[in-house]
Amino acid sequence: MCSICGGHYPRAVVESASAAMAHRGRDNHAIFAHSNCVLAHNRLRIIDLSDDANQPFTSPFAPHLVLIYNGEIFNYRELRAELVREGVPFSTTSDTEVLFCAFAHWGERCLQRLNGDFAFAVFDTKSSELFLARDRLGNKPLYYTLEQGRLFFASEIKAFFALRAWRFDSLQVASWLAFGGGDCDKTIYEEIIPFPPASFARFALGDCALHPVRYWDFAPQSPTITRLDSALDELQELLLDSVRLRMLSDVPVALSVSGGIDSSLVAHCVRILDAPCKLFGVSFAGFEGSDESAHIAELACDIDRPIVQIAPNLEHFARDFPMLVYAQDEIFRSFSIYAQFLLFEALSHHCVVALGGQGADELFGGYYHHIARFVFAHKQALQSRVLLYGKTALDELRFGAQCALGTQAKMRLFADDNAYAFSRLESLGLPRPPLDYLLERFIPDFEQSLWNDVCRFSLPHLLRYEDRNAMWFGVENRCPFTDYRLVEFAFKLDSNLKCAEGFSKYLLRKLLERLGSPKLAWRTDKIGFGAPEAALLQILGYNYNTIFDVRLCIFEALQKRNEETHAMD
């Protein structure tokens, strides 16, 4: 895990941009300068701790190429063996050199072979061409801007302020304040653009545009996996291998468990693999409804491994809030990610790599709005749901019914629901974001809603939050459920394997039961990282009326930070 940046700008500018991201890689800082391109890298040593694996990386195998990259190639050992058989020489044991040689040997076709979380750039000194690429789900960040034929790219938005001041995109800001999200292909800053996941692009100085090309795509399809027993076998095999790959490291690895289904499954995989890994349970006593200590103790008993309990609190929120905002760079939905921020702060004292359960809810239907769509479309499932959850099931049915309404009726409800937010936006001089944006978030189809959450609405934001929180403390986060093979598998499943007998994430629950945690498997009290929004906002000196006030507080902190940055310049 590292940071990368560069482009067609003076060396001093690129060095300043890289320095803004030094927290992402404190082990080495280096730069490559060419007549018309400069590349910079901050390294966090994970695999092959020697200086030979430092970046920018070059090799006599392809002396005209220079590589900088952020992330990990989890199947690097398998790729290295294949390349060696084809006569490619190696001088390190790093995944960096494997990526370099894979690109030099196979070109852009190497992307189809990579199983990893990555964003990388390769500069060709012969052609003066830059090649950029990003992993399939966008686990690792990459942004760019293009001005007068000059390209600049970086791992985090804060690096761009080394170039100049940037104006907020008022429509994206308004969308975040009102809806808790914006367009996934934009940021809240004009002209700073996310490089799309699962894509690559080539750029030469003077080009008027960047044209990313997708190298991986998938969409909901007719289910091909309908049998429970075969689905369980395949899921177990895929998840075990995903965890095995993500355990590869030359530095200490930890697993954060919550007592929930997803992280408990990863913990059982660690047990089966007998992998060296420290387990930490996080229970936020200061966050209402977030005490998971009993479930964590149950998991420790099930896997027969000690789990160290971490109990962060809210004591330093006023001190930490400016750091949290600066780490994130953009507006976030709520203060709930502060819990995760504290988690990585605690883990950083024990490990450099941390695994977690992110992505399972989006793939296997773990959120209430997923089950709401399913229950509305499968009325026979409602009775089982009511028997488990009582009146909550009727609230879900109501949401499912809202998703099934026609466009005109939905727009009427959207207008009513957002009347307060729109009045606040008007008082702030911000535009009303179009309600059409919400239509895509309220579609009735169960599988399509999962795809939207994986690719557009939920997971991209959650991966951003987790990456920035982890890297602020020099921790590399890895998410076994975002292995592209698991993603493709999940969208081949019949929906009745995801929701059954009144339960969400049915297949995951069945696997957890099989692996030895029946009580945890059939929990009905889903607890996420929450936060007492009103109390935290009061600590900052704000009055709380709605979640709009929380997001406005975050945006105002971003404004203040940007003004301070400009003043220093």
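Predicted model: local features only at pLDDT ≥ 70, side-chain atom pairs only at ≥ 80, totals over all residues.
**Exercise 1. Find out where Ser242 sits, whether Ser242 is buried or exposed, and what Ser242 touches.**

Solution. 
- Step 1: Start with the helix. Ser242 belongs to helix α5, which covers residues 228–246.
- Step 2: Check the accessible area. The relative value for Ser242 is 0%, and buried means under 20%, so Ser242 counts as buried.
- Step 3: Look for a side-chain partner. The side chains of Ser242 and Arg246 are joined by a polar contact of 3.0 Å.
- Step 4: Now look further along the sequence. Leaving out residues up to four places away, Ser242 touches Pro480, Asp483, Arg485 and Leu486.

**Exercise 2. Trace the five-stranded open sheet and explain which strands stand at the edges.**

Solution. 
- Step 1: Walk across the sheet. The order is β14-β13-β12-β15-β16, with parallel pairing.
- Step 2: Pick out the ends. β14 (308–310) and β16 (476–478) each have a single partner strand, so one side of each has no neighbour in the sheet.
- Step 3: Follow the twist, which averages 30° from one strand to the next.
- Step 4: Zoom in on one pair. β13 (residues 278–282) runs parallel to β14, and three bridges link them. In one of these pairings, Gly281 has Gln309 of β14 as its bridge partner.

**Exercise 3. Describe the second largest pocket and say which element gives the most to its lining.**

Solution. 
- Step 1: Note the volume, about 610 Å³.
- Step 2: Turn to the lining. It has 34 residues, and Arg134, Cys184, Pro197, Cys455 and Pro460 lie nearest the centre of the pocket.
- Step 3: Find the elements. Two or more lining residues come from each of α17 (446–455) and α18 (459–472).
- Step 4: Name the main contributor. α18 gives the most, with six residues.

Methods:
Residues numbered from 1 in each chain as written. Heavy atoms only, no water. Helix = DSSP H or I, 4+ residues; strand = E, 2+ residues; numbered from the N terminus. Buried < 20%, exposed > 50% of the residue type's maximum accessible area, 1.4 Å probe, protein only. Polar contact = N/O pair within 3.5 Å; in protein donor to acceptor, adjacent residues only side chain to side chain. Contact = heavy atoms within 4.5 Å. Pairing = 2+ DSSP bridges. Axes fitted to C-alpha atoms, helices over the stretch in contact; angles between N-to-C directions. 1 Å grid on protein atoms, 1.4 Å probe; cavity = no way out; pocket = protein on both sides within 12 Å on 5 of 7 lines; lining within 4 Å. Points joined across faces, edges and corners; volume = space filled by probe spheres on them.
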